[in-house]
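Open your viewer and get ready to click through a few selections with me.

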Amino acid sequence: MTDVDVVVVGAGIAGLTAARACAERGLAVVAHDALAPGGQLINLGTLADWPGPPTSGPDLMGALLTDVVERGVEIAYGEVTGLRTDPLTVDGAEGPVTARAVVVATGRTPGRLDVPGADGWEGRGLSHCATCDGPLHAGREVVVVGDDEWTAHEALELAGIAKRVTLVSTAPAWSAALTRRLADAVEVRSAAITALEGDGTLGGVRLDDGEVLEASGVFVYTHADPRRELLDGLPAEAPVWAAGDVTGAERYLLTAAADGLRAGRAVVAHLEEA
């Protein structure tokens with residue numbers, strides 16, 4: 001006998017949307033998160049790509065979390081360390097849980113800067129969250145690194161905090177509308193970073209043309225890879241669905257929510273046919 005009908009690994013917007021779709025059809029659902037529900041949403045200020053009245057990431061997540069809990073979803077905490085089949089089992093900090101189906105919504109890794117010694121600057125000027133760490137650099141100069149729309153939104157968030165924001169990109173892929181907004185608030189440089197410089201704390205970045213930009217912080221959004229460890233090696237017939245950023249889709253809140261809904265409905269259809 002299984003412990004629950006559905007385990008959702010990752011309680012961000014994709015995971016909780018999937019959990020909601022399953023719970024509203026009467027399925028017993030547990031949503032796991034390593035630290036706390038919310039995913040990237042809890043680190044976002046005013047949401048630029050969410051319809052309706054202006055809202056913040058924490059407010060949207062709070063409403064979604066309240067909704068799923070009221071529908072009977074159990075929230076579990078602790079790292080999920082493995083996913084096994086026959087029987088389908090989720091291994092976590094509090095022991096194994098068997099399920100009839102699993103949704104993996106584990107998102108992406110933090111951004112990574114492909115520069116020698118970059119990891120050593122974590123916590124000393126290297127960051128991945130404008131809302132979390134931007135206030136530490138109020139009135140100072142910062143650099144943002146990345147190419148996608150998420151990067152552009154983070155740069156605009158920082159523009160309201162820092163004295164100066166320079167966005168360094170080798171292949172910008174954000175929209176024309178964001179390009180216009182950036183032009184009024186951020187300096188965009190077509191370049192790559194080759195080194196981080198400073199004595200104890202970050203002082204600047206060196207570009208591939210040799211120029212050094214003064215910066216007390218570097219916000220990195222490149223090489224944010226899908227967390228697919230739980231999915232790798234699973235048999236194709238396993239009743240496991242992926243949702244949200246872990247699929248490699250573009251990082252839009254609406255896309256993640258829609259993907260979570262798709263996965264949840266697919267789980268419901270599978271279990272109702274079983």
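Start by selecting Ala191. Setting aside neighbours within four places in sequence, Ala191 is in contact (heavy atoms within 4.5 Å) with Val168, Ser169, Thr170, Leu207 and Asp208. You'll find Ala191 in the loop between strand 10 and strand 11 (193–199); helices (H or I, at least four residues) and strands (E, at least two) are DSSP runs, numbered from the N terminus. With 8% relative accessibility, Ala191 counts as buried. The cut-offs are these: buried means under 20% relative accessible area, exposed over 50%, and partly exposed in between, using a 1.4 Å probe and protein chains only.

A quick word on what you're looking at. This is a predicted model, where local features need pLDDT of at least 70 and side-chain atom pairs count only at pLDDT 80 or more, while totals for chains, interfaces and linings use all residues. Residues are numbered from 1 along each chain as its sequence is written, and side-chain values use heavy atoms, with hydrogens and water left out.

Next, select strand 10 together with strand 9 (residues 164–169). The two pair in the parallel sense over 4 bridges; strands pair if DSSP finds at least two bridges between them. Look for Thr166, which stands opposite Glu187 in strand 10. Now follow the chain from strand 9 through helix 5 (residues 176–183) to strand 10: this β-α-β crossover is right-handed. That is to say, with the strands pointing away from the viewer, the path from the first strand over the helix to the second runs clockwise.

His223 is not a glycine, yet has a positive phi of about 55 degrees. Its 37% relative accessibility makes His223 partly exposed.

Now jump to strand 2 (29–33). Is strand 2 enclosed or open? Of its 5 residues, 5 are buried, so strand 2 is largely enclosed by the rest of the structure. Show the side chains: Val29, Ala31 and Asp33 point one way, Val30 and His32 the other. Strand 1 (residues 4–9) pairs with strand 2 in the parallel sense over 4 bridges, and Val7 stands opposite Val30. The chain gets from strand 1 to strand 2 through helix 1, in another β-α-β crossover that is right-handed. Strand 3 (residues 74–77) also pairs with strand 2 in the parallel sense, over 4 bridges, with Tyr77 as the bridge partner of Asp33.

Stay with strand 1 and pick Val4. Val4 counts as buried, at 12% relative accessibility. Not counting residues up to four places away in sequence, Val4 touches Ala28, Val30, Val97, Thr98, Ala99 and Arg100. Val4 and Thr98 are 94 residues apart along the chain, but their C-alpha atoms are separated by 6.6 Å.

Then select Asp86 and Pro87, joined by a cis peptide bond with omega of about -5 degrees. Asp86 lies in the loop between strand 4 and strand 5. Here too you'll see a positive phi, about 60 degrees, and Asp86 is not a glycine. At 77% relative accessibility, Asp86 counts as exposed.

Last stop: the largest pocket, with about 1,200 Å³ of space. Of its 49 lining residues, select those closest to the centre: Gly39, Gln40, Thr106, Arg108 and Arg227. (On a 1 Å grid over the protein atoms alone, a pocket is an open set of points where a 1.4 Å probe fits, with protein on both sides within 12 Å along at least five of seven lines; lining residues have an atom within 4 Å of a point. Points are joined across faces, edges and corners, and the volume is the space filled by probe spheres set on them.) Helix 1 (13–23) gives the largest share of the lining, 3 residues.
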